[in-house]
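Here is a short report on the inside of one protein chain. Have the sequence and the model ready as you read.

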Amino acid sequence: MPKPTIPTTSLTPCAPATPVAAYIGGKRNLAKRIIARIAEIPHRTYAEAFVGMGGVFLRRPFRAPAEVINDAGHDVATLFRILQRHYVPFLEMLRWQVTSRAEFERLAATDPATLTDLERAARFLYLQRTAFGGKVVGQNFGVSVGLPGRFDITRLSAILEAVHERLAGVVIERLPYAEMMARYDRPDTLFYLDPPYWGCERDYGAGLFGQDDFARLADILRGIRGRFLLSINDRPEVRALFAGFAVESVATTYTISAGDGARGAQELLISG
């Protein structure tokens, strides 16, 4: 059955914002191309099931009438909620933070379950800003010789404020992706999906997304009433699971570890 036609005029211009920290699998190199595709798909509700640090959501120069961001990761959802609702006390908490290996190791060793939401968000932001490569699991303190410390509140405060303003009116969820999609699926919904890449399922924490979830996600997408755009690494297994959808191969670059240069890679934009 063909998808319903939604007026493209439902989108309104807005100021894009910069993600507050790096995140593994971030879409800095592909964001413009993905955003251009999103702009071409008529929708009134924009929903991200795996928002991460919002590498696509925040960089869009437009907003939909209704917007939902979701991540099953506790730290991600907490950070966005704090930025949306408790921005001023959060900024005060960060004001005297400095970049140091000792502080990084102290926070990395701290159980986030023992912290308040403000403390938990501050810990997560600090680790993501100071760890190499935006890693979530197995983080290492990142140092770039010849560059300033990575946690500088005098530079970060403007980024945080822009994200705080962009989050006005946005619904923030912390649900399993299948539950989130079922809750928000409507004929005028566009889902942008950036799940863990094939072979990288454990990079975001245990129990969040497994290899079996790729087949489950493909089955869900075959039955939704709305539209979707999915970005993922180009693997034969992925092409087989998502056969029947529109598939576009795009070139990008990855940086794997400190001292390594960027290397070319192929990703897929899958839509339906």
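## A buried histidine

His43 has 1% relative accessibility, so His43 counts as buried. The cut-off for buried is under 20%. This is a predicted model. His43 sits in a loop, between helix 1 and strand 2 (45–48). The side chain of His43 reaches the backbone oxygen of Ile41 at 2.6 Å.

## The largest nonpolar core

Nonpolar side chains tend to be buried together in soluble globular proteins. Here, the largest nonpolar core has 52 residues. Six of them have the most contacts inside this core: Val20, Ile38, Leu79, Phe90, Leu125 and Leu160.

Which elements supply at least two residues each? They are helix 1 (31–40), helix 2 (74–85), helix 3 (87–94), helix 4 (101–108), helix 5 (117–130), helix 6 (153–166) and strand 6 (189–193). Helix 5 gives the largest share of the core, 6 residues. There is also a second, separate core of 28 residues. Among its members are Trp198, Phe214, Ala218 and Leu230.

## Val20 and its contacts

Look now at Val20. Leaving out residues up to four places away in sequence, Val20 touches Met53, Leu79, Leu83, Leu125, Arg129, Leu156, Ile159, Leu160 and Val163.

Start with length. Helix 6 has 14 residues, and at 1.5 Å a residue they should span 20 Å. The end C-alpha atoms of helix 6 are 19 Å apart, which agrees.

Which residues of helix 6 are buried? They are Ile153, Leu156, Leu160, Val163 and Arg166. Seen down the axis of helix 6, these buried residues fall within an arc of 140°, so they line one face of the helix. They pack against strand 3 (62–63), strand 4 (66–70), helix 2, helix 3 and helix 5.

Leu160 belongs to helix 6. Is Leu160 buried or exposed? Its relative accessibility is 0%, so Leu160 counts as buried.

What does Leu160 touch, if residues up to four places away in sequence are not counted? The contacts are Val20, Leu83, Tyr87, Leu91, Leu94, Leu125 and Ile153. Take Tyr87 as one of these. Leu160 and Tyr87 are 73 residues apart along the chain. Their C-alpha atoms are separated by 8.1 Å.

Definitions and conventions. Residues are numbered from 1 along each chain as its sequence is written. This is a predicted model: local features need pLDDT of at least 70, side-chain atom pairs count only at pLDDT 80 or more; totals for chains, interfaces and linings use all residues. Side-chain values use heavy atoms; hydrogens and water are left out. A nonpolar core is a set of buried Ala, Val, Leu, Ile, Met, Phe, Trp, Tyr and Cys residues joined through side-chain atoms within 4.5 Å. Buried means under 20% relative accessible area, exposed over 50%, partly exposed in between (1.4 Å probe, protein chains only). Helices (H or I, at least four residues) and strands (E, at least two) are DSSP runs, numbered from the N terminus. Contact means heavy atoms within 4.5 Å. The expected span of a helix is 1.5 Å times one less than its number of residues. The arc is that of the directions from the helix axis to the C-beta atoms. A polar contact is a pair of N or O atoms within 3.5 Å; within protein, one must be able to donate a hydrogen and the other to accept it, and residues adjacent in sequence count only if both atoms are side-chain atoms.
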